[in-house]
Amino acid sequence: MMVTGNSAPAYQATKGSPLDIERGFYSRIASSTSRQVIEAFEIPIRSGKAFSVPRGYICRISTPYGPQVGDLNLWARDNPRERFWASRTRQLHRSHVTTFDRLWSCLPYLRPMCTIIGDTLEGYSDDVGGRVHDLLGTRCDPYVNQMLSGKAFDFHCHSNLTRAILPFGLAESDVHDVLNVFQVTGLNSDGQYYMEPCPAKSGDYFEVFAEIDLLCALSTCPGGDLSAWGWGKDPGSDDMLACCRPLAVEIIQLTDEDLLEDWESPKPASYSGVHGMKMPIFTA
């Protein structure tokens, strides 16, 4: 990825701030063997699934059969107006997230929805500077596809996520910018977005600790590992289908209650939301 010098980040983790997380706490959770898988499933190629993760639980996304990109959306389970804010997460942490980074919710809530506690691809960088777990781009969608190729295709990540959330009372308008899990991207010397093939191997995983009750939706990208992806290509071609694989999801409960003894689920932002306005006062 193109890097401009070593400028100081605009948002810094000052001691005691929400960006300065207690790494010891999350490391203990990540390494704990006191775990019970309460739900496990695979998401077939070119499809999506929505699922709940209770606060204080762990969600692991893995590549059981080899490289595959997944597009992830998050909502507060009981209030879908609170949803993942990709651009602010990118500013607060980095363009490609990894262990100890957090995924933040939108305004007016602005709180960590989950914290990344495990990433087998942590530190990955390819020979052109691309990095993994992308926040630079967003989901593929049928609108851009038809605009650029003139062809309709109903199994882009946007469509997969839309179908996945319908049983939860949500709609297409609730789908939002994603975290592209296992996807390698960057910016070239002209500042243009590029994608490289997914480096994940069988058994690689990305693991988060749910800070609040979550509704998640995950799509198995129709481009698979992106090694054969291209606008205008026949999505049913053998080379594209051959690089598509299922993703696995596990929802995990921590059985050692002492691990979470001092942990509290974060509250929404404390700002009043008045924005300088005053309520009108009726006068006779």
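## Burial and basis of the model

A residue is called buried when its relative accessible area is under 20%, exposed when it is over 50%, and partly exposed in between (1.4 Å probe, protein chains only). By this definition, buried residues make up 50% of the 284 residues in the protein.

The model is predicted: local features need pLDDT of at least 70, side-chain atom pairs count only at pLDDT 80 or more, and totals for chains, interfaces and linings use all residues. Residues are numbered from 1 along each chain as its sequence is written, and side-chain values use heavy atoms, with hydrogens and water left out.

## Overall form

The protein contains five helices and 13 strands; helices (H or I, at least four residues) and strands (E, at least two) are DSSP runs numbered from the N terminus. Its C-alpha atoms fill a box of roughly 70 × 60 × 45 Å along the principal axes.

Contact means heavy atoms within 4.5 Å. Of the contacts with a separation of 6 or more, 76% are between residues 24 or more positions apart.

## Aromatic pairs

Rings of Phe, Tyr and Trp (its six-membered ring) pair if their centres lie within 6.5 Å; planes under 30 degrees apart count as stacked, over 60 as edge-to-face and the rest as tilted. This rule gives six aromatic pairs. One of them is the edge-to-face pair of Phe-25 and Phe-209, with 6.2 Å centre to centre and 90° between the planes. Phe-25 lies in helix α1 (residues 23-31) and Phe-209 in strand β11 (residues 204-210), so the pair ties together parts 184 residues apart in sequence. Both Phe-25 and Phe-209 are buried.
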